[in-house]
Amino acid sequence: MSGFVDGPSEDSDLKDAYLIPRNIMAEPDYVEDDNPELIRPQKLVNPVKTSRNHQDLHRELLMNQKRGLAPQNKPELQKVMEKRKRDQVIKQKEEEAQKKKSDLEIELLKRQQKLEQHELEKQKLQEEQENTPEFVKVKGNLRRTGQEVAQAQES
């Protein structure tokens, strides 16, 4: 029976062991030993946070937050003006890029425009020929053949 009595007491010891908070991480050696030879770790200094400008800015932001002033809330007019300025800068950059085109690009653009004009003229002539009556076409063909015959006789 003594074994039976030991059983429940062991069970209560296990429950008590789970209730006691234990540190999962091991304690570092240098905490226990005051050994002067060991180099103790120190927190690194952040140069940004120690700078005077950063501290002033942080203080100002905290003050504005307490007052209820949000730096992101800009007036409508200011937003519109900034957008216009941005659009204007983008437009200027595009114009500068067009001005800086090389001679080859300029020549290619000129040729492309000439080809487009030539194609438009051809289309207009075809439309005019399709819209003209048949007798006018035949008359034009007769004139051309008459001119060709005259040139052949002169040569």
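Helix α4, which covers residues 52-67, contains 16 residues and extends 23 Å from its first C-alpha to its last, close to the 22 Å expected at 1.5 Å a residue; the expected span is taken as 1.5 Å times one less than the number of residues in the helix. After α4 comes G68, and the phi of this residue is positive, near 95°. The model described here is a predicted one, in which local features need pLDDT of at least 70 and side-chain atom pairs count only at pLDDT 80 or more, while totals for chains, interfaces and linings use all residues. Residues are numbered from 1 along each chain as its sequence is written, and side-chain values use heavy atoms, with hydrogens and water left out.

In the protein as a whole, the secondary structure amounts to seven helices and zero strands, where helices (H or I, at least four residues) and strands (E, at least two) are DSSP runs numbered from the N terminus. The pattern read along the sequence is accordingly α-α-α-α-α-α-α. Of the 155 residues, 1% count as buried, a term that stands for under 20% relative accessible area, with exposed meaning over 50% and partly exposed lying in between (1.4 Å probe, protein chains only).

Two salt bridges are found in a search of the whole structure, each defined as a side-chain nitrogen of Lys or Arg within 4 Å of a carboxyl oxygen of Asp or Glu. One of them joins D56 to R59, with 3.0 Å between the closest N and O atoms. These two residues are three apart in helix α4, so that about one helical turn separates them; D56 is partly exposed at 32% relative accessibility, and R59 is partly exposed at 45%. In another salt bridge, the side chains of D87 and K83 meet at 3.3 Å, N to O. D87 and K83 lie four residues apart in helix α5 (residues 76-99), and are therefore separated by about one helical turn. The relative accessible area is 39% for D87, which is partly exposed, and 47% for K83, which is also partly exposed.

The largest pocket holds about 160 Å³ of space. A pocket is here an open set of points on a 1 Å grid where a 1.4 Å probe fits, with protein on both sides within 12 Å along at least five of seven lines, and lining residues have an atom within 4 Å of a point. Helix α7 (residues 134-154) gives the most to this lining, with seven residues. Among the lining residues are Q129, T132, V136 and K137.

Key:
Points joined across faces, edges and corners; volume = space filled by probe spheres on them.
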